[in-house]
Amino acid sequence: MKFEIDGDVTVYFPYDNIYPEQYAYMVDLKHALDAKGHCLLEMPTGTGKTIALLSLITSYSLSKPSNPVKLIYCTRTVHEMEKTLAELKRLHKYQLEQLGPAAKMLALGLSSRKNLCINPEVVSAENRDSVDAGCRKLTASWVRALAAENPNIKTCDYFEGLERAGADAVLPPGVYTLQDLRAFGKQKGWCPYFLARHMVQFANVIVYSYQYMLDPKVAGIISKEMQKESVVVFDEAHNIDNVCIEALSVSVRRQTLEGATRNLNKMTQEINRFKATDEGRLRQEYNRLVEGLAQRGNLPISDTWLSNPALPDDILKEAVPGNIRRAEHFVSVLRRLIQYLNGRLDTENVEKEGPVSFQHNIYKEAGIDQKMLKFCYDRLHSLMLTLEITDTDEFLHIQTICDFATLVGTYSQGFSIIIEPYDERMPSIPDPVLQLSCHDASLAIKPVFQRFQSVVITSGTLSPIDLYPKLLNFHPVVSRSFTMSLTRDCICPMVLTRGSDQLPVSTKFDMRSDLGVVRNYGRLLLEMVSVVPDGIVCFFVSYSYMDQIINSWNETGILKEIMLHKLVFIETQDVVETTLALDNYRRACDCGRGAVFFSVARGKVAEGIDFDRHYGRLVIMFGIPFQYTLSKILLSRLDYLKETFQIKEGDFLTFDALRQAAQCVGRVIRSKADYGMMIFADKRYSRHDKRSKLPGWILSHLRDAHLNLSTDMALHIAKEFLRKMAQPYDKTGSGGRKTLLTEEDLKEMGETRM
């Protein structure tokens, strides 16, 4: 269908009907694009926000051919990236049918070499860093220069093919998933990774991971060419503040320092070898560093290395300090730095200090000043290029140390350095760790807000929505939370506060090990498996609590009784085991046996796996998933938020726990034809200050009568709900509740709005 918004944008939408909330979402999004500002939009899960975003932004570009906008769509996982590109393919096909060649566009997904490489020798390596290093060994400029003289030296045929094609190496218009890029590369004999990197600047739509935009080390290479007239979308962005913080945090352990020392020994050998054979190279590098680091941009594409971790504007194009210009001097500075960090790790107590006092101490004890620290990362990069080091995966330790040094040298606030002699959960095992932890999420995302004209932050759980502008320090022009329009109440949230013996249930620290609570949780699940068909998903607050409860249920025989009704599968910290468990869970649901899946809030399953249709008819959230509140890093962050943004500790912790809980229960509804129940099993959910932080689309279905239930009452409500859902219903919605709009409906709405 196609329709107009505000009379100046014709939207091409590849389905015959549209949900009212999709239409409202598009209208708000268009206003944000018109205002060239940023926006925050919360849209319930399963209401098609991806296709609404893609349709509106590509149609907006087609309606304004004089200054088209580029869409940069950021997802969290490769699986989500593929889903987005599949939707885009469908949309593009429809636009071509409607508009012909005028609708042509180039859209592609960009991922790491591990996901795009087609050279069998390289891609067989076990992890991402090894694949990157394997690629560099075959494509670095000096390796190729040697290969030109000596045909026995291996290079990559696909990369050479791409280089030979030169300016002809282009992707024809179309939508390319990662699979399509690999197939195209094999057919042409070109490297898909470098082809995609090259085509990114010409594409109309790019889909890639958050890191490419938020982690300054990667963004410095990939995203610096993007024009200002771009719309950046962060999808599923409820955890965006944590992603920003991780991008600028570094932790250093004993192993890191030992590895870095080995790296330095190897570098010293190389420097001595070069001194004996080719001193001119070291001399050239010295002269280049006198002129400053501005020469950085002229490297061949295969030599570009991770960019500086401090944000691009914060590093001045000035000469590198004199005392680290010579290679051997720089190596000795790094040795002193490692020695100093080693000394700091020899501590019996937890230590915490800010970057400024850390800089002062390191200058006093090791004679390394702030400017030297600031240039460590770039100076290391320059030295590794000069020494022609290709096995970068072996030099990760020294990169971590220089990353740490540059961040400490660049920022004076928003960070703290915390040294812990052992893990609090295992105090008997000494495992000292020095962590540079960033507390200010706005530091990593600030350049994105400054550089691009519109940034859209969207997810199914952004409540309370007014906290995000504070955390990320920006001013959205549109900030809105949408509800779900339904023909029947297919979501049934309940708050269970006590067991059938009327004892309160909660995972509060003083109650969680109480046998009464554990027994009541077991009874609740046992009653539910006997009446709910197909799949049930249970979320616990942590792995340790899940283990404790399952052991206890096993000893008391509750688990055995549950297994009489349904099979039980458990998420573990091992990805392969969890994938296998999920696969078997789905098979058990498909064959009608039914199953229960035990999972953990903040785990892999809670973030990215959908339990739609018969795979999830009920989700039980056992407890409120608060973070580990004694963590030193969390305490420092809370202090910082309180001082800088006036966000109270309790408010932030509750907000963080409830967005995780909402994320868990939101897995059950993935479309409007679906139905499911959500049980919040903890007496604290009945308090208004906790409950009010859940997303509006869940709260609108939470009745007052369902706020203080015991197990037998919840069981009665569940039976009633399932009986109601089994009745046939009107999908389009008649009477006053239309949930599927046609083109005619939209025309009428447009006229009334005018």
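These questions and answers cover salt bridges in a predicted model.

In this predicted model, local features need pLDDT of at least 70, side-chain atom pairs count only at pLDDT 80 or more, and totals for chains, interfaces and linings use all residues. Residues are numbered from 1 along each chain as its sequence is written, and side-chain values use heavy atoms, with hydrogens and water left out.

Colleague: How many salt bridges does the structure hold?
Modeller: A salt bridge is a side-chain nitrogen of Lys or Arg within 4 Å of a carboxyl oxygen of Asp or Glu. By that rule, the structure holds 41.

Colleague: Which residue meets Arg-273 in a salt bridge?
Modeller: Look in helix H14, residues 254-277. Helices are DSSP runs of H or I, at least four residues, numbered from the N terminus. The N to O distance is 3.1 Å, and the partner is Glu-270.

Colleague: Is Arg-379 buried or exposed?
Modeller: Arg-379 forms a salt bridge with Glu-285, closest N and O atoms 3.0 Å apart. The pair links helix H15 (residues 279-290) to helix H18 (residues 370-386), 94 residues apart. Buried means under 20% relative accessible area, exposed over 50%, partly exposed in between (1.4 Å probe, protein chains only). At 1% relative accessibility, Arg-379 is buried.

Colleague: What is the relative accessible area of Glu-353?
Modeller: Glu-353 forms a salt bridge with Arg-344, with 2.7 Å between the closest N and O atoms. Arg-344 is buried at 14%. Glu-353 is buried, and its relative accessible area is 13%.

How values were computed. Helices (H or I, at least four residues) and strands (E, at least two) are DSSP runs, numbered from the N terminus.
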